[in-house]
Amino acid sequence: MNIQLTLALRYLLGRKLRTFLTTLAVIFGVLVIFGMNIILPTMLAALQANVQGASGLVDFSATHISGEPFSISIADKLKNVDGLRAYSPSLTRIINIPADFYDNDSAQPDKVTALSLMGVIPEDARSVRTYPLVEGRYLNDTDTNAVIISRTLSDLLKLNLGDTMRIPSADGVAELVIVGILPARTSPGNEEIVVNLPTAQIITNQLNKINTIDMVIETFAQEERRNQIQSNIHNALGENFTIGTQLKADTQMFASLQMGQAMMNLFGVLALFMGGFIIFNTFRTIVAERRRDIGMLRALGANRKTIINIILAEGLLQGIFGTGVGILFGYFIGAGIVKAAGPTMSQFLNISLGEPVVTPTLIVVTILLGVGVTVFAGLFPALSASRVTPLEALRPSANEKIFNQRTSIGAVGGAVIIVLTIAALVSGRAEFIIPGGVLFLLGLILIAPALIRPFALLFGKFLALFYAKRGISDLAQGNLTRQPARVAVTASTSMLSLAIIVAMGGLISSLTFTLYDLIRANLGSDYLFVPPSIALWSSNVGVNEDFAEQLKKIDGVDEVSALRYSGAISNGQPISLLSLDPASFPRVSALFFQESIFADDESAYASLDESRNIIVNGALLAALQKKVGDKIEIVSVNGVFEYQIVAVATDMLNAKVTTGYISHTNMKNDFDVQDDVFIQLNLTQNADREAADLAIRTLAEKYPTFKVISGVEYYNTMKSQMDATFSAMYILFLVLAIPSLIAMINTLTIGVIERTREIGMIRAVGGTKKQISAMVVSEALLLSAIGTAFGILGGIYLAYVMVTAMKEIFPFGFVFPTTGILIGVAIGLLFGVFAAFIPSRQASQMNVVEALRYE
Amino acid sequence: MSVRNAILGLLAQKPRHGYELRIAFSAVIGGVGWDVKPAQIYTTLDRLEESGLVQTKSDIGEGREPDRRIYAITRDGRGALHEWFNDSIPTEHQRDEFYVKLMIALISEEANPDKIIQTQRARLYQELHDATAQRDMFNAKTELAHILLFDKAIMHLEADLRWLDMIEMRIETIKEQPFMEVEIRRRGRPKKGDKGSTYPPPETLSKNI
Amino acid sequence: MSNIQVEQLTKIYGTGSTAIIALDHVTLTIKEGEFVAIMGPSGCGKSTLLHLLGGLDKPSQGQVIIAGHNLSELNDDALTQLRRRKIGFIFQFFNLIPVLNAVENAALPVTLDGVKPNEAKSKATQWLTTFGLSERLMNRPDQLSGGQQQRVAIARALVADPELILADEPTGNLDTRASDEIASLLRDVSKQYNRTIVMVTHDPRIAAYADRIIFLKDGKVVDETLLERKNGKNAEDVVEKMKRLGN
């Protein structure tokens, strides 16, 4: 083996505990990145499989860019396209199955939560795909309620040939007779059921509409020819159609998953960054410890490059090992989460998850990141090692002076940054405050080494009160100030994680404060008719107006107002378009206005009916980069329409999705949508509530798509759901704090190893084991106190930054993060004591004679 | 003294011929650097016999060497031997010729004292060099006793060298210090009127370094 | 060929009034195969001289020529290579790498020079065996006595077949017996393998093992003593003796 690697390996093995702790930091970062990144593609893969189905022979599929259904007449345009052999128009929709729809048993978990309904023209469909029936017959043109299902579904629902199968429809429930059974499915995704096109159109209330055209082109077409045919198709259909070899995953879902992934990646990168910090710290210590070894190697004829290589090889080995183990654990954790989340996912998003997906890109990127960060962290210590002169082998000397100089430069720079960022805060301008957050943390990191001594003195006073009798707190304090740089790096690591916790606390308290108000106003109606998936409107089957009309007729009902949905595109940005009735909507619900060209909210609602006016939410406004009063072009299946933004407002459920609100009238004219996906209902003041309740629930039974809940009930459910989410977030960020624990353990352990002889001496002159361990514990407490203090400072700033940033999208005020600070302090203390556990044991259990002999 | 006692000791082990005694003695002292002549052995033996510490008897044996005498230790001889064993050996350090030479050089100013030190040092180093080389010839597993004898020489040489270094370092100071020489006076009774006559006279050439 | 020439070598630390003259125009010639001891009180400049000879430090004035190379004319990489191939170092504190075993430590200079590990190790093993460490080859430094560690260090200094060996207080950290052992080993190496050795020591007993002793004082050469090698020990004696060092 190469001498650099041999040396690196031996040194690593020689200090097993330290190597373990350092590597742990790498493992952790890699684990988070890798684990989180296999979860998302798994979901995406399931989603794609859902949409795609068994695409079989299909070469191309055409869809409208908005993802919405379009007229069947469009398909005729393909009749004479050169190179196209066959095409099949279809209407494919995911049908969410309400809870307990098939088994009527709330105790049993539902086996089927969503189906993919495929409406086809039987002969056309056969020309692009094969339907190898195992039982029964294929569809024919005259069928009205015939369906073909797979063997798997047939077994799942215990339905056989000739049986009747129920599915939710726009009219309530549709009953279909099973005429054919396909082989058992092997791919993940939703079960497909195939019906005649008109049947599907009735079920989904989309008369004369299709949303997909599957195509087969001439056989043996080469790449060039395929591209040519694809452009022929494109020309025939027009620019608003997407022609792909496979259908794109639902854009809305994709966007929301991507945001999740981005957050997780940020989380992983932060963890890895802390890992890098820890490794940097360790390597600096290593270089300091080995000055004489390094000098000797130089004297023996190792050049600077060799020295750099030895240190980097150590980083490389740790990086490779840590990354390897991290990937392994990450896979298991990711797979575990996928398994655990499976049921929830299918409940919420109607997706059946397959096996975890690991892409080669992910592996490569993770390895590059993991190994790269480790090696990079070792680079600066390696460079400083290469500057060790051979003379140090003969006359070792400490090189602290240069460092002190650097410390003071850093401290001045840090102080300047902090002053600037505080000025930014005072200015109250978002464009200064937002970058200020990161800079403020940077400033704290820079100033940290200079502040270690005063902080240690201050906290040392407190500690002295506890440990007065043992007389070692001075020693602990002295030990800390001896290596201010190392302590500063460690404190900075804990500072980062605690700052994030405190900031999250701030964000969450600000958010909850505002949110609960919003829920009450927005979803405070007496009754809510909620579809299976409230975040992702497009997967819900709407109901036609009849339901709302019938509800209105019930005695005691004061007002009923519904929301309708259509997907749309503006300037390439997918929009979740919701329509409302300007007259009735304000009486049962409310939008939360931030900005408007009208003086009052009523006029804003009313304006929606007057012309093509739209109210957008903050997320959409930001995505489109427009202002109130601007006009935007929205692409629908019927063409392109120009809408004017009249206000910025948001509602509870759609705050994070790019959403626009228009009137029902415009929705019908421009988007052809008339079915309700969400209904709110208010009773009159003096209604017979029990009778009305009974009547409402009886009526709703015919429309199983909706779950009927009372407003109060809903408020409570939402509140508890949000509380759970927030606790989950706290736990998540608690996990993020773990690297800081590792950093502290690391620093303390290195401190103990370094001072082995000193500790032996203290023991020899009469220090008890208790005193030694108290010394290490107080050191740990000092260390964590410093980190916590810095973390709280940084956290408050960061919280303010986050709130300021979120304000753009969602209107809420800054609330002081008391909870976050309390949690931060608790974690700081807990980690302090926890981090001291191993090193203090190690220090107090030391064999005195061996310790004295230690070199 | 040590030759006498060594002979007594060797005879206490067993009666021996004169020649045999000489071989044994050489073996004890290592045969290097301390050459004992046969004459010295016999003279010593004669004196021991006179004092009644050893006695002789003829070894007629096979008649080939009729005049060969065998010596044996007597009771008094054993007593003298044990007296030696029970006593400690005094060391001799005060008389040092180099020291005298250096001082004379200082006083007489006939020679450069630095040069004298250097010459002496070169010699001591050469002796040390030789001693270490000779000691290296012995096998520590079988001849340790001899090695230890050389170690004595080496260590003394080393001490002498350190002493030389010390002198060299402080020789300037010595030069500055007043040289205490006693006033020379005539022999016989002091004349009338002479003052300060003391008796006995102070030691000559006393000096503290 | 491999004589060492030191001409007007001067080293001054610091500047102005605080300047310390560590070496003051020292001129020396050391012959091939000579074993030279440099002696003098602490602060006399003996270590500085050694550092300059090894190219570990740059002179303020004057030059050092080793095996035809003028050290002042070499850059860091060239100096490093010269140290690797032409100079062996022995330190007071042994300076063995704690995580490598005896063979690996001894093989280090050739390994650093890119010699194949097996070849490097077999060279190192030969030297260690010569120095009576054949049973300690796989031991790490902390499993060896001081004298044994220093013998590994000497093997390390010799493994690249250097023309010059520089030893800085090689016995400074050893007891009397181990000191004699090491000094005697150095003398044997210089005699048996015709190596030039320059050793700094403050111990007269150790210096006496050399062929020549140079006395430094206040950065100047004040005296020199040539010692005669009288008793002719033959090569077999030396090898035999080295083997006995084992325990």
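I looked up Thr323(A) to begin with and found it buried, with a relative accessible area of 2%, where buried means under 20% relative accessible area, exposed over 50% and partly exposed in between (1.4 Å probe, protein chains only). I note that this is a predicted model, in which local features need pLDDT of at least 70 and side-chain atom pairs count only at pLDDT 80 or more, while totals for chains, interfaces and linings use all residues. I also note that residues are numbered from 1 along each chain as its sequence is written, that chains are lettered from A and ligands numbered from 1 in the order in which they are written, and that side-chain values use heavy atoms, with hydrogens and water left out.

**Entry: around Thr323(A)**

I placed Thr323(A) in helix H9 of chain A, residues 304-348; helices (H or I, at least four residues) and strands (E, at least two) are DSSP runs, numbered from the N terminus. I then followed the side chain of Thr323(A) to the backbone oxygen of Gly319(A), which it reaches at 2.5 Å. Leaving aside neighbours within four places in sequence, I listed what Thr323(A) is in contact with, including Val26(A), Val30(A), Thr366(A) and Val371(A), contact meaning heavy atoms within 4.5 Å.

For chain A as a whole, I read 27 helices and 22 strands, and 56% of its 855 residues count as buried. Among the contacts in chain A with a separation of 6 or more, I saw that 83% are between residues 24 or more positions apart.

**Entry: Ser190(C)**

Is Ser190(C) buried or exposed? I found Ser190(C) buried, with a relative accessible area of 1%, and its place is in helix H6 of chain C, residues 176-193. Not counting residues up to four places away in sequence, Ser190(C) touches Gly33(C), Phe35(C), Arg195(C), Ile197(C), Asp211(C) and Arg229(C).

**Entry: chain C against chain A**

I looked up this contact and found that it takes 28 residues from chain C and 23 residues from chain A. The area buried between them is about 2500 Å², of which carbon and sulfur atoms give 64%; buried area is the accessible area (1.4 Å probe) that two parts lose on being put together, summed over both.

How many salt bridges does the rule find across the interface of chain C and chain A? I noted 1 salt bridge there, a salt bridge being a side-chain nitrogen of Lys or Arg within 4 Å of a carboxyl oxygen of Asp or Glu. The side chains of Glu104(C) and Arg10(A) meet in a salt bridge at 2.5 Å, N to O. On the side of chain C that touches chain A, helix H1 (46-53), helix H2 (76-86) and helix H3 (102-112) of chain C each supply at least two residues.

**Entry: chain B against chain C**

Here I found 22 residues of chain B in contact with 29 residues of chain C, and the area buried between the two chains is about 2100 Å², of which carbon and sulfur atoms give 51%. In chain B, Tyr125(B), His129(B) and Asp136(B) lose the most area to chain C, together 30% of what that side buries.

I counted 4 salt bridges between chain B and chain C, and the side chains of Asp203(C) and Arg162(B) meet in a salt bridge at 3.4 Å, N to O. The elements that give two or more residues to the side of chain B that touches chain C are helix H6 (113-136) and helix H7 (144-176) of chain B, and H6(B) gives the most, with 13 residues.

Key. A polar contact is a pair of N or O atoms within 3.5 Å; within protein, one must be able to donate a hydrogen and the other to accept it, and residues adjacent in sequence count only if both atoms are side-chain atoms.
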